[in-house]
Amino acid sequence: MNRETILVVDDAPQITELLAQHFLPQLGYETLVAYDGKTALEIVRRQRPDLMLLDLQLPDITGLDVLRQLASEDLSISTIFVTAYGSERVAVEALRLGVQDYLTKPVDLDLLKVVIAHALTQNRLRRERARLTARLNQQVTQLTVLSKVGRSVTSILKLDEVLRRIVEAGVYLTKAEEGLLALLDKGSDQLYLRATKNLNQDEIETLHLKISDPLLGSVVRTGRPLCMSLASGGQPIKLSTGFLMQSLLLVPLRSKGQILGVLLVGNRVSDQDFSKTDETLLASLADYAAVAIENARLYTETGQQLEELEMLVEAGQMVLSTLALNERLMHILKGIVARMGIQAGFILLLDEQTDELVFEAVVGPKANKVGGLRLSSGRGVAGQVARQGESLLIPDVRQLSEFDRSIDELIGLVVRSLICVPLQVQGQVIGVIEVLNKESGHFDRADLRLLEMMARFASLAIENARLYEAERTRRRIANTLQEMSQIIGSTLQLDQVLRLILEELEKVLDFHAAVLLLVDEARDELYIREWKGHPEDVEELHLPLSGEQGIATYVARTGQPLHVPDKAEDERYVDSDLSGGAVLAAPLKVKGKVIGVLSAESEMPNAYDADDLDLLAAFANHAAIAIDNARLYDEATRRAAEATAYARELESLHQQERQLRESLSRLRSTFLNAIGHELTTPITVMIQSLETLVDPRHGTLNEGQKEIVETLHQQTAHLQHMIGGLVSFAGFAAKQDDLNFRPTSLDVVLDDALQLVLFKAQRREVQLEDRRPDNLPVLAVDEKRLSEALVNLLDNAIRVSPSNTSVILSGAVHSNKVEISVQDFGPGIPEEEKIHIWDGLIQINRSLQRGLEGLGLGLAMTRYIVEMHGGTVSLESVQGRGSTFTIALPRKRKVTGMLPPLLEE
């Protein structure tokens, strides 16, 4: 038995020591001590002692103040008032504040013992009486509640209301902290949460009830109640992931021998156990609940069948309705939401051009924000149903781990369960209907069947509306455009075409002003070319295409038609008149290029709709063709005259050019052949004569004579080499297309060229560096001619290089070409002479001016050999640092035929 606790409140240490440490412990009481009033108040609040011995005079506040504060806080404690300064007024006030007895100091300890015993006895009697009264009241209340609940739930036919009241009554009768009711789905063999008490939304979403759970499964399989509590030091009872209980009580819901579900109450914080009485009460409640659930189910099924018939009749009427498509969709969706009792619903139609689902009709918390949004096909539940063409029922999305929770924020709703069914016409999916969160619980197969029936009627209604609108629009536009095309096509004069366009537009579209703007590409602006309804000075308006203002400018930049319901609210509108009114604008496009803008205005806001914009856009397309035809006609007329004059002049120039080419070609061949053949014989005689002079058989020469003969021999040999070059050059000029292309490794060509110039490089003390890459490919080339071109580059590089320097042969392989470079570190080529290095004839003249060192034909021959291979030769040179010549050959050779004659500029 717990020892009773007495709080001693006195500022005299000798009194508190006597009472708290000696007198009261000897009587078997626990003691607490306070030396001031505020400490006493804190002890009473925290520890609730059974009795308080309270002194009147305390250091901070009086004993009466302590009693008043406890009364204000509704804290009741038996008190014996002890004071050395008592008075009748103090005694009356103390008794009024609930003091059980009043003693004056010095206190007789025997009397104090009797007074304390009497006060504590009165406390125990009061507690026992209160306990018995509470227990009796509880039993009466339980029976009353059970009776009322029984009558109530058996009379209620709405299942959700029945389940909610059952759970609330179960928690109330057993004094549990929480409760829940789950019904068994025979189809999926799963338990679905249908009603809760004192569980927040996050806990409901994370609570997974599985029939495989040992506790729930035991109740469902055996049909017997289960009561469990946490043993001393034991582990909490695990009902679900993260859902741990200190104690719980489960009873089955049974009807006609079949288990309908489970009713559960439990404590997660309190360690209070459930009694047999609690089990009996909860079992009785479960019996009432089973009857009520069966009645509600029958009522719900009957009501659903009636609603289904009403919905089908209404859907049939909608199929035959002449409402616009968006009105039909919203009417259908609102009917589904109202009849099925759901929190949100969507009708999404498939945009075949973008392969996206568009929210065309929305009912739910964020309908205004969701409407018009697009969802990529295949994304989410709606995308999956549209892609597969099969309905999807998800009674509890928590069972679907891959469910995309991002939709919750989008629609402003936490999705618990959903159904999504396809809208199909002739086997083709045109959209989906998706409904979320049935207010009466989870969706079932009956809901799926109903929604599928509605989807069939909705598909017919959508298709009929589309066909009707399309046919109606097609006929109106076709008739209008046919008439317009005939009228506008009757002339090719641009001014007349522009005037007729606005006149014909006025016949089919109501406007108070219209303008036709054309693009001025030179000034990058729009200018008004024709107008109707505007003042004369509107012609002076020019709109820069790069500017931000102007509806017409926006349409010209984007190339898309634009509908402005009220121009006064659109900052892009440019006009001195700021009054309201609707505006339509459409681009004039020819072959995808915007050539202008056609715009119409009304004085009334919202005067136009989407059909009017379609009409203007179609009108603009025809108008653009007519304008382009008129422009082409004017341009063709002008150019025909210019072309006739130009053709005559060009023919005369071509004739002169041909004559000059033929004359130059004959002169070139004659000149080069003459020089080559006429000089060959004398040079040969000179060389033989010099060789005879140095022959010892004909006499001996002194050193001076030998040096003169050697110099003449070298110069004559050099002259013979140049004459041979002239002959070769003339021969190549006469047979430029006579090349022998064969698949050849470029390594072979480079090896040949290096071998031919090696002796010259060694003689001039120039180092040849071979830096070619390892992956040179095989190309279709003339091996001999290409090697000759490289020899020319290498020979020139060696010739201009100082002793003890290098000539570098390198290369690079690209995806479409191969590059071969020859680099020297000679004097470089002046900028003003770079343009002439490829012209052999000019180089001949310059070579003769500077002596017989070379005729300069090597670079010209290299250029033409490379170009005959479909390649190019380029030069990079810095005076004083050297030059780099690069041959670029295509990986796939493209030879166009004969090149221009050699030596021509």
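Ser247 counts as buried, with a relative accessibility of 1%, where buried means under 20% relative accessible area, exposed over 50% and partly exposed in between (1.4 Å probe, protein chains only). The model is predicted, so that local features need pLDDT of at least 70 and side-chain atom pairs count only at pLDDT 80 or more, while totals for chains, interfaces and linings use all residues. Residues are numbered from 1 along each chain as its sequence is written, and side-chain values use heavy atoms, with hydrogens and water left out.

**Surroundings of Ser247**
- Ser247 lies in strand β11 (residues 247–255); helices (H or I, at least four residues) and strands (E, at least two) are DSSP runs, numbered from the N terminus.
- The side chain of Ser247 reaches the backbone oxygen of Gln272 at 2.8 Å.
- Beyond its neighbours within four places in sequence, Ser247 is in contact (heavy atoms within 4.5 Å) with residues including Met228, Ile237, Asn267 and Phe274.

**The five-stranded sheet**
- An open sheet with parallel pairing is formed by five strands in the order β2-β1-β3-β4-β5, where two strands pair if DSSP finds at least two bridges between them.
- Because β2 (30–34) and β5 (101–104) stand at the edges with a single partner strand each, one side of each is left without a neighbour in the sheet.
- Strands β3 (residues 51–55) and β4 (residues 78–83) run parallel and are joined by five bridges, and Leu51 stands opposite Ser78 in β4.

**Helix α6**
- Helix α6 (residues 159–174) has buried residues that include Leu159, Ile166 and Leu173.
- Lys175, which follows α6, has a positive phi, near 55 degrees.

Note on methods. Polar contact = N/O pair within 3.5 Å; in protein donor to acceptor, adjacent residues only side chain to side chain. Expected span 1.5 Å × (residues − 1).
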